[in-house]
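Hi,

Here is the structure I promised to pass on. Have a look at it first, and then read on for what turned up.

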Amino acid sequence: MPLDIEQDNNPSFYGSRSMLADPYGHNKNKKTTTEVHPDLVNSTIGLSNKIVQLINHPKVHVEIVGSESLMSSSVIVYAIELSAGDTNSVVKRRYSEFRSLRDGITRLYPTEVIPPIPGKHSFLTYLINSINNSKELSIIETRKRYFSRFLSDICTHPRLRQCPLVHKFLDPNYEMCWQDAMAEPPISMVPNNLLRANPMNPTDQNGLYSLLPIVNGYDYTGPDHLSNLKKVGDDLAKSTTIISTQIGRRFRE
C-alpha cells in the first residue's frame with residue numbers, strides 16, 4: 001500500500017515522528033524501529049516535570065503577579081506564576097525574553113495564529129518615561145496585563161501548550177540561562193530560511209526541504225534584497241503599461 005504522507009501532521013519521507021507533536025516521546029510505537037529524537041534539554045540543566053504537569057492540568061492558571069527592577073539597572077523583570085490547584089511555580093522574565101519566546105513559537109508553528117505582546121518602546125518614549133515615573137508605572141501595568149493574556153492563551157492552546165520552548169520559558173531551571181534554551185532543540189532544529197522548512201513541522205530534518213530553491217527577496221538571513229524586488233516591481237509595471245498601450249491601439253484600429 002502506498003504511504004499517505006498527508007496522514008500525519010509531520011509528513012516526513014523517512015518516517016521520523018514529529019518532535020512538536022510528541023516532544024517527550026510518550027507515544028512511542030513499539031512496532032517501529034525509528035530512532036527517538038535527541039534530548040530536548042541540556043543534560044546539565046534538565047527540564048522540570050512539574051512544569052509539564054502544571055501546563056497539562058485542566059485547571060492551569062498563569063498570571064503576572066509582580067514586577068521589579070534589576071539591581072542597579074532600569075530593566076524590568078516580570079514574575080510569572082504558573083499554578084493548578086495547590087501547586088505553583090514562579091519564574092521571572094524580562095521583556096526581551098517574552099519577545100524571543102514569541103519569535104521562537106512563530107518559527108516553530110508557522111501555521112498557527114500566535115497571540116501578540118506589547119510593542120517595544122522607542123528611545124524617545126524611554127526618555128519620557130524616565131522623567132515621568134507615573135507614565136512608566138502605567139506602561140508596566142499594561143504590559144503585565146498583556147503578558148498574562150499572552151501566556152494564558154499559550155498555556156490553554158492544544159498545540160502550543162505542548163511546545164518544549166514554552167515549558168523552558170516557565171521553568172525556574174532556565175531562569176538564568178534562557179539563551180541556552182534558545183540554542184537547544186527544538187528551536188535549534190528550525191532552518192534559518194523558513195521557506196525551506198516543513199510548514200507543518202519546521203523541526204523535520206529529513207533533508208528534502210533543504211533542496212527547495214531560495215527566494216532571495218525573503219531570505220532574512222542574507223543581505224537586503226529590497227532594491228532587487230523594487231527593480232522587479234518597476235519592470236512589471238512598465239510591462240503592464242506597454243501591454244495596456246498595445247491593447248488600446250488594437251481596439252482603436
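One term before anything else: a residue is called buried when its relative accessible area is under 20%, exposed when that is over 50%, and partly exposed in between (1.4 Å probe, protein chains only). By that rule Phe 98 is buried, at a relative accessible area of 0%.

Some housekeeping: this is a predicted model, where local features need pLDDT of at least 70 and side-chain atom pairs count only at pLDDT 80 or more, while totals for chains, interfaces and linings use all residues. Residues are numbered from 1 along each chain as its sequence is written, and side-chain values use heavy atoms, with hydrogens and water left out.

On to confidence. pLDDT is the predictor's confidence in each residue, from 0 to 100. For the protein chain the mean is 75, with 61% of the residues at 70 or more. Residues 1-16 stay under 50, and the model gives them 25 contacts (heavy atoms within 4.5 Å) beyond four places in sequence. Residues 30-45 are also below 50, with 33 contacts beyond near neighbours in sequence.

Now the strands. Helices (H or I, at least four residues) and strands (E, at least two) are DSSP runs, numbered from the N terminus, and two strands pair if DSSP finds at least two bridges between them. S2 (residues 76-84) and S3 (residues 87-94) run antiparallel, joined by eight bridges. Ala 84 has Thr 87 in S3 as its bridge partner. Two residues sit between the strands of this hairpin, where Gly 85 takes a positive phi near 70°.

The aromatic rings are the part I'd look at next. Rings of Phe, Tyr and Trp (its six-membered ring) pair if their centres lie within 6.5 Å; planes under 30 degrees apart are stacked, over 60 edge-to-face, and the rest tilted. That gives six aromatic pairs. Tyr 78 and Phe 98 are edge-to-face, because their planes are at 85°, with the ring centres 6.4 Å apart. Tyr 78 is in strand S2 and Phe 98 in helix H2 (residues 95-108), so this pair ties together parts 20 residues apart in sequence. Tyr 78 is buried too, at 1% relative accessibility. Phe 169 and Trp 178 form another edge-to-face pair, 5.3 Å centre to centre with 80° between the planes. Phe 169 is buried at 0%, and Trp 178 at 3%.

What makes up the aromatic cluster? Tyr 78, Tyr 95, Phe 98, Phe 147, Phe 169 and Trp 178 form it.

Finally, charges. One sits over a ring if NZ of Lys or CZ of Arg is within 6 Å of the ring centre and within 35 degrees of the ring normal. Arg 93 lies over the face of Phe 169, 5.0 Å from the ring centre, and Arg 143 over that of Tyr 95, at 4.1 Å.

Cheers
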